[in-house]
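Open the model in your viewer and keep the selection tool ready.

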Amino acid sequence: MNTFYLFGDSVLKGVTFSAEKNAYSIHRRKLELPEGAALVNRAVFGATAPRVYAELEKRLPLDAEGDTVIFSFGGNDSDHDWNLVSMEPEKEHSPKTPASEFSDCFVKCVELARSRGAKVLASSLVPIDAARFMARISRGLSRENILRWLGDESMLYRWHEHYDGIIRRLTGEMNVPLIDLREPFLLSHDFRGLLSADGIHPTERGHCLIDGTLSGALAV
């Protein structure tokens, strides 16, 4: 039996956020798989690239011949310690996983999965809503200082997009098929309805769009 393994962060896990309840919940992935295939979701809330690699090393079978690994991560890697930024906006601040380290770890993940016999696919990043994300990260902090460090609010979007660009470059260089989760969100006239109030986690409708996109890619 072929198994499709999902390794990534909370977006792939299916996390959604409710502003009314101020709580997270999980959307259960519903993918259309080839007959007889199974789905195993190993995505982890808050995972960065090094955590994904650790999960892959531990949870992917040593003999994964005939199986498929789908990677989707990078959003948390591009994030920053906003408390520090708020306190010291005049200083330089690095993302949770600097771009060079992220690139190296992405390559290691692909190489490890392939070394165990698995076919590898990767997804682009689901875009963020910069305004909502700004409101979320600045709660209880100095919005003015965070904005001063960013330069402008849309820098949140651009920095996240920078990591998406790294993924696109590396998948091209490593001949990894790319599942474009970003484009359906960008082309939707219901963009804000596809993302939760925190600006980063998809709503139920957003996750259903992801399910459909993933299913279409796996059917090829």
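Start with Y24: it is partly exposed, at 40% relative accessibility (buried is under 20% relative accessible area, exposed over 50%, partly exposed in between, with a 1.4 Å probe and protein chains only). This is a predicted model, where local features need pLDDT of at least 70, side-chain atom pairs count only at pLDDT 80 or more, and totals for chains, interfaces and linings use all residues. Residues are numbered from 1 along each chain as its sequence is written, and side-chain values use heavy atoms, with hydrogens and water left out.

Now view the aromatic pairs; the structure holds 10 (ring centres of Phe, Tyr or the six-membered ring of Trp within 6.5 Å; planes under 30 degrees apart are stacked, over 60 edge-to-face, the rest tilted). Y24 and F45 have ring centres 5.3 Å apart and planes at 70°, so they pair edge-to-face. Y24 sits in strand β3 (residues 23-26) and F45 in the loop between β4 (38-41) and α2 (49-59), so the pair ties together parts 21 residues apart in sequence.

Next, select F71, F73, F102, F106, W159 and Y163. They form one aromatic cluster.

Move to Y53. K108 lies over its face, 4.5 Å from the ring centre (NZ of Lys or CZ of Arg within 6 Å of the centre and within 35 degrees of the ring normal).

Terms used:
Helices (H or I, at least four residues) and strands (E, at least two) are DSSP runs, numbered from the N terminus.
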